[in-house]
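The following exercises ask you to work from the coordinates to a description, each with a solution that goes step by step.

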Amino acid sequence: MTTSWADSVDNSAKASVRPTRSAYVPPHLRNQKLSSEPPAVAASYSSSAAASDHVSYGGPAAGSHGGISSKPDFGRQGYGSNAQIGGGSGGGGWNARGIARDRGRREVNPFEKDEPVDQSLDEQENTGINFDAYDDIPVETSGDNVPPPVNTFAEIDLGEALNQNLQRCKYVKPTPVQRYAIPISLAGRDLVACAQTGSGKTAAFCFPIISGIMREQYAQRPRVARTAFPMALILAPTRELSCQIHDEAKKFSYQTGVKVVVAYGGAPINQQLRELERGVDILVATPGRLVDLLERARVSLQMIRYLALDEADRMLDMGFEPQIRKIVEQMDMPPPGMRQTLLFSATFPKEIQGLASDFLSNYVFLAVGRVGSSTDLIVQRVEYVLESDKRSHLMDLLHAQRENGVHGKQSLTLVFVETKKGADALEHCLCVNGFPATSIHGDRSQQERELALRSFKSGNTPILVATDVAARGLDIPRVAHVVNFDLPNDIDDYVHRIGRTGRAGKMGLATAFFNESNLSMAKPLSDLMQEANQEVPAWLTRYAARSSYGGGNRNRRSGGARFGGRDFRKEGSFNKGGDYYGGTGGYGVPGNYGGGYGQGVTSAWD
Ligand SMILES: Nc1ncnc2c1ncn2[C@@H]1O[C@H](COP(=O)(O)OP(=O)(O)OP(=O)(O)O)[C@@H](O)[C@H]1O
């Protein structure tokens with residue numbers, strides 16, 4: 001029988017009143033109960049009183065947990081070799097068709113490469129998908145002559161090879177975004193698609209691209225020494241997300257002859273160059289590294305037929321707009337109308353609409369679910385926790401998770417913090433207290449980041465402390481609990497963070513720690529929770545009411561009107577070429593939008 005980390009924490013606590021390895025004492029041994037009651041003071045609307053009246057939630061102050069023993073190196077041991085570093089694991093197998101070919105290399109079966117997981121978990125995985133959960137989701141499409149949706153994959157002419165890969169992926173039924181987006185894209189239309197986290201957007205843009213390239217494989221590509229001419233470009237904001245899309249795309253394109261290569265910063269460029277030289281049809285890249293490759297003339301965008309921007313709003317948030325505009329508008333990429341452009345995200349702030357109108361032509365707008373909303377599959381909890389109590393409260397939660405049997409022993413917990421230093425400190429604190437944790441943030445080397453992620457995914461280190469670098473797009477099937485140890489300053493970031501759980505029709509849990517430093521989030525958080533049919537604590541509603549009276553809320557959604565759920569082209573207020581990046585407009589968009597990082601947000605992810 002396997003013993004989980006939670007067991008070992010519990011056993012060590014039971015075995016000795018003074019734990020030797022761990023300083024963490026579970027609540028039942030401290031004679032204290034785990035509580036998520038609101039602070040009495042919240043009702044009084046007094047922030048100073050809040051600090052003084054508040055009872056400590058979950059035991060001793062954070063300081064009592066620190067600096068006890070040397071830190072066990074849970075997440076940092078070598079975890080196998082890292083095939084992804086430097087741009088792909090040599091999928092090869094490019095067959096004799098087309099121009100870009102990978103001479104003499106046998107295609108590795110990407111389905112064999114999946115992370116090794118406990119057998120019981122694997123079974124859980126295969127039976128846990130519940131796409132019926134999405135059946136009654138509202139869908140809006142707009143644009144000229146929108147192609148109709150399909151109900152089954154069989155209705156789509158993807159061809160034998162792609163159908164086989166669907167089966168290998170165990171995709172039986174298309175998700176709502178796939179039902180709509182795949183026929184629209186296969187019809188050659190540009191598309192702006194918004195759909196909730198974890199609802200299958202990656203396949204929704206990959207399948208039409210792969211299928212289109214398969215149809216065009218005989219297209220002649222220029223022969224310029226050492227320059228690669230991909231037919232499709234997929235841009236993503238973070239290195240990890242690029243790698244993940246690359247892995248997915250390789251599965252979808254297995255034995256189709258379509259070659260996928262990834263290029264991202266932080267990894268040696270030489271290996272990526274070698275991959276590119278072997279031929280590429282679909283290039284998945286982060287903007288910074290791609291600009292580098294373009295400037296070295298090692299990639300040309302002249303043959304691009306498909307451009308997909310995943311999490312485009314995040315790329316703008318991260319200050320990538322100049323690079324993206326350079327890539328799309330100032331190099332040799334064919335203009336809108338001569339290529340097909342697909343823009344996907346779960347949130348769709350107004351500023352992204354500027355990109356949409358510049359990059360896309362006569363596009364279809366698709367919204368699956370309320371744009372920017374969280375999925376009902378995630379149970380959201382918000383707890384009032386003083387800054388000084390956060391660590392002990394977190395450890396209580398982690399401990400209680402196993403006690404209550406909520407998510408099974410090997411489920412994974414992702415803990416979001418605001419800063420890189422904060423991530424290191426929390427990881428250390430958890431480790432010295434016997435909770436196997438690792439961390440991922442912008443100050444760790446790319447190799448460390450990937451090792452941490454692999455260790456987390458495999459369940460070796462079931463707790464990952466992360467900055468927003470892990471907030472977008474990452475698909476880690478067994479994340480059962482997302483903890484917002486530090487709440488973000490923007491509600492869209494919150495939506496993406498909690499979206500790391502409750503994916504592919506499965507249920508998830510998200511807990512947020514809220515205190516006086518998060519006042520600007522009170523209203524958007526309470527609105528979002530209400531919208532997702534979650535129980536909003538009365539104290540949060542009171543904070544929300546207070547913050548809406550001059551609370552200085554700079555959230556994108558402040559100002560009442562929801563931007564979501566409709567095509568902005570229908571709005572008279574939108575003025576192409578006008579000042580849509582600046583000012584607050586009707587949507588409360590911060591005036592300094594379009595570059596730079598928010599306070600405490602990590603950078604240099606490409
Ligand atoms: N038709 C399908 N049937 C079964 N599983 C699917 C299907 N489509 C996608 N999935 C699985 O659902 C999970 C989530 O998909 P994906 O990562 O594409 O979501 P997403 O919408 O891009 O999420 P995010 O907004 O967080 O980036 C993945 O594990 C994927 O393999």
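**Exercise 1.** Determine how many residues the largest nonpolar core has and which residues have the most contacts inside it.

*Solution.* Begin with the criterion: a nonpolar core is a set of buried Ala, Val, Leu, Ile, Met, Phe, Trp, Tyr and Cys residues joined through C-beta atoms within 7 Å, where buried requires 20 or more other C-beta atoms within 10 Å of a residue's own, exposed means 12 or fewer, partly exposed lies in between, and C-beta atoms are placed from the backbone. The largest such core has 147 residues, and those with the most contacts inside it are Ala-193, Ile-282, Val-284, Leu-366 and Val-415. Helix α7 (residues 201-215) gives the most to this core, with eight residues; helices (H or I, at least four residues) and strands (E, at least two) are DSSP runs, numbered from the N terminus. The model is predicted, with local features needing pLDDT of at least 70 and side-chain atom pairs counting only at pLDDT 80 or more, whereas totals for chains, interfaces and linings use all residues. Residues are numbered from 1 along each chain as its sequence is written.

**Exercise 2.** Describe which residues come nearest to the ligand and how its shell divides by residue class.

*Solution.* A residue is taken as near if its C-beta atom, placed from the backbone, lies within 6 Å of the molecule. Of the 21 residues around the ligand, Gly-200, Lys-201, Thr-202, Gly-473 and Ala-504 come nearest, and α7 supplies the largest share of the shell, three residues. The shell divides into eight nonpolar, nine polar and four charged residues, with Ala, Val, Leu, Ile, Met, Phe, Trp, Tyr, Cys and Pro counted as nonpolar, Asp, Glu, Lys and Arg as charged, and the others, Gly among them, as polar.

**Exercise 3.** Is Ser-517 buried, partly exposed or exposed, and why?

*Solution.* Ser-517 is found in the loop between β14 and α18. Ser-517 is partly exposed because 14 other C-beta atoms lie within 10 Å.
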